[in-house]
Amino acid sequence: MTQEPARKSKRAIVAAVHLSSVSDLEFDASLAELRQLAKTLGFEVAATFTQNRAGFDKSAYFGTGKREELRLLREEHAADAILIDHEISPSQAFNLAKEVGGEVMDRTMVILEIFHRHARSRTARAQVEIARLGYMAPRMREAAKQAGPKDRARSGTGGRSGGESHGELDRRKIRDRMAELQKELGAMHLGRETQRARRQEREGLARVALVGYTNAGKSTLMRALTGSEALVADKLFATLDTTVRALHPETVPRVLVSDTVGFIKNLPHGLVASFKSTLDEALEASLLAHIVDASDPGFERQLAVTDQVLDEIGASAVPRLLVFNKIDRGGDEQALRKSYPGCMVMSARREGDVAKLHQAIAAFFQRDLVEAELFLPWAAQKMRGEVFATCEVLEERADGEGAFLRIRGEPVAVKRLYERFGRALRAS
Ligand SMILES: Nc1nc2c(ncn2[C@@H]2O[C@H](COP(=O)(O)OP(=O)(O)OP(=O)(O)O)[C@@H](O)[C@H]2O)c(=O)[nH]1
Ligand SMILES: [Mg+2]
């Protein structure tokens with residue numbers, strides 16, 4: 001488990017324009033989420049600042065008077081950053097920062113920064129860096145534009161080709177770096193594809209992916225279902241890499257569980273694209289266990305966002321098991337069962353509930369299993385190992401000549417054994 005080093009906490013003001021088209025409930029939920037994102041980044045949220053407006057101010061997001069108010073509020077709290085709950089243009093961010101002071105970060109940048117800090121594997125790091133560079137490029141253009149002729153006047157020195165400004169040079173570097181990362185990712189992707197193909201040959205296709213909104217409890221359930229050490233944290237986007245483990249206690253067929261990156265409202269577009277490969281795990285699975293935090297008042301919106309992203313990545317046809325988690329913390333079990341027929345309502349903290357989920361997942365993959373009876377003569381006892389490894393043995397009897405085994409397993413495995421030992425089938 002990796003822990004982040006302790007940072008001296010910086011102060012932030014969470015700020016947003018409340019558009020008339022957005023309900024109070026939705027607006028508040030979104031701000032609450034941004035506060036949680038800020039906390040995940042290590043900010044202490046000093047205040048929340050809002051303005052009702054028909055649209056965003058074109059030049060600096062908030063209206064003129066409100067910008068002055070925000071400047072005073074920032075000074076009063078000695079806040080280091082203003083976090084805006086929308087994606088704003090490079091020039092809006094630039095102008096707002098100039099008037100209000102401190103650093104201005106929009107929702108996209110906050111999410112990119114969290115992904116950047118939490119990425120561990122080479123693939124995740126490269127994907128996040130591409131998304132960040134794509135976000136930075138237009139912002140650097142804006143900064144260069146604001147710097148104006150000064151930037152140009154400094155050109156023509158060093159290793160730069162004639163007339164190329166600092167800004168242009170930096171932007172060229174960004175483009176080159178992005179191309180380099182894309183190439184690296186392409187190579188990693190190829191490697192992963194072959195690994196995956198091999199893994200599938202070995203394991204068959206019994207795979208379930210845990211998907212859902214960030215912080216719903218996916219990694220906690222992954223741990224409980226597989227006895228593994230997935231990273232669990234009360235932070236948003238604790239998990240950025242997909243981990244795969246077998247369901248434990250083991251089942252027939254063996255079921256592989258994968259934990260996936262959490263979803264969020266307004267996931268930056270660069271990230272949707274770059275995390276497609278992580279979410280691809282979800283597409284590969286034969287079953288999606290959609291985990292929802294039943295104790296969150298905004299769970300319906302979170303459920304809808306997840307459904308929408310799953311549609312976007314083409315996973316709408318994969319069978320789903322809807323799992324309402326954290327019911328120990330809150331939520332109306334009766335109402336949930338009524339509104340979402342066939343759903344499970346549970347708590348990852350209750351062993352019995354986890355066992356039921358384990359059972360439901362196993363049952364899904366056992367639907368197509370077949371049963372057969374084998375007779376293994378004593379001379380063929382070394383086959384026992386293979387029988388027990390590939391099938392579930394439901395019953396075993398022996399007589400002087402050998403052992404009778406009633407087995408259940410995947411059609412291919414059962415057929416293979418039945419062809420060799422089923423002919424000796426005898427009436428009991
Ligand atoms: N009370 C309660 N807390 C839970 C339950 N399941 C998970 N949690 C807590 O919820 C927090 C988030 O859990 P995670 O398992 O990290 O959530 P996740 O869905 O993997 O989140 P991301 O990786 O950020 O997408 C942790 O503090 C867990 O201990 C539950 O059933 N009840
Ligand atoms: Mg997780």
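Helices H4 and H5 cross in a left-handed way, meaning that the near helix is turned anticlockwise from the far one by less than a right angle. This is a predicted model, where local features need pLDDT of at least 70, side-chain atom pairs count only at pLDDT 80 or more, and totals for chains, interfaces and linings use all residues. Residues are numbered from 1 along each chain as its sequence is written. Helices (H or I, at least four residues) and strands (E, at least two) are DSSP runs, numbered from the N terminus.

**The H4/H5 pair**
- H4 (residues 107-118) packs on H5 (residues 122-147) at about 150 degrees, with the axes 10 Å apart; axes are lines fitted to C-alpha atoms, for helices over the stretch in contact, and angles run from 0 to 180 degrees between N-to-C directions.
- H4 and H5 are therefore roughly antiparallel (angles over 145 degrees).
- On the H4 side, Thr108, Met109, Leu112, Glu113, Phe115 and His116 meet Val128, Ala131, Arg132 and Tyr135 of H5, contact being heavy atoms within 4.5 Å.

**The three-stranded sheet**
- The sheet is open, runs E11-E13-E12 and has antiparallel pairing; two strands pair if DSSP finds at least two bridges between them.
- E11 (370-377) and E12 (392-398) are the edge strands, each pairing on one side only.
- Ignoring direction, neighbouring strands here are turned by 20 degrees against each other on average.
- Six bridges link E12 to E13 (residues 402-409), and valine 393 has isoleucine 407 in E13 as its bridge partner.

**A helix on the sheet**
- H15 (residues 411-421) packs on this sheet and touches E11 and E13, its direction making about 35 degrees with that of E11.

Technical notes. Chains lettered and ligands numbered in written order. Heavy atoms only, no water. Parallel < 35°, antiparallel > 145°, perpendicular 65-115°, else oblique.
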